[in-house]
Amino acid sequence: MSDARAAGGEANQATTLSSGSAARADSDLAQLISARVRDIADYPQPGIVFKDITPLLADGQAFAAAVAAMAAGHGRIDKVVGIEARGFILAAPVALSLGAGFVPVRKQGKLPGASYAESYRLEYGTATIEVHTDAIGPGERVLIVDDVLATGGTAAATASLVRRSGGEVVGVSVLLELGFLDGRASLPGLEVMTLLTA
Ligand code: AMP
């Protein structure tokens with residue numbers, strides 16, 4: 001969890017849309033998801049608006065639609081990396097739907113085998129995440145999946161771990177982007193796909 005502060009209360013909006021029926025489909029999906037992502041004020045600390053995806057996960061149809069959309073449009077993917085912990089819930093079904101492997105990126109000290117570690121700055125202090133050194137093969141095409149893109153620090157550190165492992169980062173796929181934090185600026189040259197921007 002970063003110290004990203006959400007500007008509370010306003011409705012989520014659909015991201016950039018193409019035209020015609022594709023735009024309508026994107027808009028319908030955005031509605032489906034935004035109605036099932038709940039704002040929790042002052043969690044886990046005062047000033048944070050937490051984007052709670054558990055209502056979405058509890059709705060089988062909406063969960064399936066979100067996973068299908070997050071998996072689409074990336075070409076061949078060899079590994080899907082999920083970021084602890086909510087990223088795991090989305091990345092595993094995305095990997096299954098793509099016929100790809102799933103790789104967990106975990107907080108420091110949680111992985112049992114030899115790991116690469118990457119530290120990054122939070123608003124107060126630092127965080128460290130890790131990946132097993134043998135989880136991604138040289139040249140493998142990797143999709144990074146998480147629930148929320150906030151400042152982008154976690155996704156940027158994950159991209160570094162993938163590259164140190166020899167993988168090629170194809171893109172970052174998230175359910176929800178906190179647009180006002182401009183997390184994309186931390187991910188230069190990477191395709192960032194989001195189903196909603198808040
Ligand atoms: P960041 O590194 O700032 O992009 O933060 C991204 C990570 O923190 C993701 O793994 C999110 O699950 C979590 N996160 C950050 N801000 C929020 C928020 N407002 N609501 C829910 N999760 C958040």
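Predicted model: local features only at pLDDT ≥ 70, side-chain atom pairs only at ≥ 80, totals over all residues.
View 1. S119 belongs to β6 (residues 115–121), where strands (E, at least two residues) and helices (H or I, at least four) are DSSP runs numbered from the N terminus. S119 counts as exposed because it has 11 C-beta neighbours inside 10 Å; the cut-offs on the number of other C-beta atoms within 10 Å are 12 or fewer for exposed and 20 or more for buried, with partly exposed in between. The C-alpha atoms of S119 and G60, 59 residues apart along the chain, are separated by 36 Å.

Residues are numbered from 1 along each chain as its sequence is written. Local features need pLDDT of at least 70 and side-chain atom pairs count only at pLDDT 80 or more, whereas totals for chains, interfaces and linings use all residues.

**View 2. Helix α3 and its cover.** The 12 residues of α3 (residues 60–71) should span 16 Å at 1.5 Å a residue, and the end C-alpha atoms are 17 Å apart, which agrees; the expected span is 1.5 Å times one less than the number of residues. Within α3, A66, V67, A69, M70 and A71 are buried, and the elements covering the buried residues of α3 include α1 (20–34), α4 (86–98) and β9 (168–177). Just after α3, G73 adopts a positive phi of about 85 degrees.

**View 3. Strand β4 and its partners.** In β4 (residues 79–83), five of five residues are buried, with K79, V81 and I83 on one side and V80 and G82 on the other. Five bridges join β4 to β5 (residues 101–107) in parallel, strands being paired if DSSP finds at least two bridges between them, and the bridge partner of K79 in β5 is G101. From β4 the chain crosses through α4 to β5 in a right-handed β-α-β crossover, that is, clockwise from the first strand over the helix to the second with the strands pointing away from the viewer. With β8, β4 pairs in the parallel sense over four bridges, and V145 is the bridge partner of G82 there.

View 4. Leaving aside neighbours within four places in sequence, V145 is in contact with residues including M70, V80, L90 and S173.

Notes:
Contact = placed C-beta atoms within 7 Å.
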